[in-house]
Amino acid sequence: MGSSSKPSAESDGAGRTRERYRRVVVWAPIVLAALAGIVALRCGVVWTLQGANLWGGSFMSGSSRWLVIGLIVLVGSVILLVRTGLLVRRRFSR
């Protein structure tokens, strides 16, 4: 009679909610970094092509300034996407 049949915190919904929250906290920065990398990659490609005068119709067309900016953004976005991929690989290897 002295034992309590009260369920522990891990066996009810609180434990599952805590686990879901932990997963979101772990994966949210990775997803946001991947999205930022994809957007930056697109911008870098467009700016590079316009700066190299391969994609006309803009004030950026033929401008070496936009070619350099595009290449810098392109390289940065590739680095960001590679690092994000490595983070994902590290998460799955646990």
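The conversation below takes several terms in turn and sets each against its cut-off.

Mentor: Please keep in mind that this is a predicted model. The protein has two helices and zero strands.

Trainee: What makes the span of helix 1 close to the expected one?

Mentor: Helix 1 covers residues 13–51, which is 39 residues, and its first and last C-alpha atoms are 56 Å apart. At 1.5 Å a residue, 57 Å is expected, and the helix comes close to that.

Trainee: Why is T84 called buried?

Mentor: T84 has a relative accessible area of 6%. Buried means under 20%, so T84 is called buried. This residue is found in helix 2.

Trainee: Which residues does T84 contact, leaving aside its neighbours within four places in sequence?

Mentor: They are I30, A33 and A34. One of these, I30, is among the buried residues of helix 1, as are G37 and G44. The buried residues of helix 1 pack against helix 2, which spans 64–92.

Trainee: How do you know whether L32 is buried or exposed?

Mentor: L32, in helix 1, has a relative accessibility of 58%. The term exposed requires over 50%, and L32 therefore counts as exposed. Together with V31 and L35, L32 forms a nonpolar patch on the surface, with about 290 Å² of accessible area in total.

Trainee: What makes the pair R22 and E19 a salt bridge?

Mentor: The closest N and O atoms of R22 and E19 are 2.9 Å apart. The cut-off is 4 Å between a side-chain nitrogen of Lys or Arg and a carboxyl oxygen of Asp or Glu, so the pair qualifies as a salt bridge. A search of the whole structure finds one salt bridge.

Trainee: Where do R22 and E19 lie?

Mentor: Both are in helix 1, three residues apart, about one turn of the helix. In an α-helix there are 3.6 residues a turn, so residues three or four places apart point the same way.

Trainee: Why are R22 and E19 called partly exposed?

Mentor: The relative accessibility is 46% for R22 and 29% for E19.

Trainee: How much of the protein counts as buried?

Mentor: Of its 94 residues, 13% count as buried. The protein exposes about 7200 Å², and carbon and sulfur atoms supply 66% of that area.

Notes:
Residues numbered from 1 in each chain as written. Predicted model: local features only at pLDDT ≥ 70, side-chain atom pairs only at ≥ 80, totals over all residues. Heavy atoms only, no water. Helix = DSSP H or I, 4+ residues; strand = E, 2+ residues; numbered from the N terminus. Expected span 1.5 Å × (residues − 1). Buried < 20%, exposed > 50% of the residue type's maximum accessible area, 1.4 Å probe, protein only. Contact = heavy atoms within 4.5 Å. Areas by Shrake-Rupley, 256 points an atom, 1.4 Å probe, with all protein chains shown as cover. Patch = residues over 30% accessible without salt bridge, like charges linked within 9 Å, V, L, I, M, F, W, Y side chains within 5 Å.
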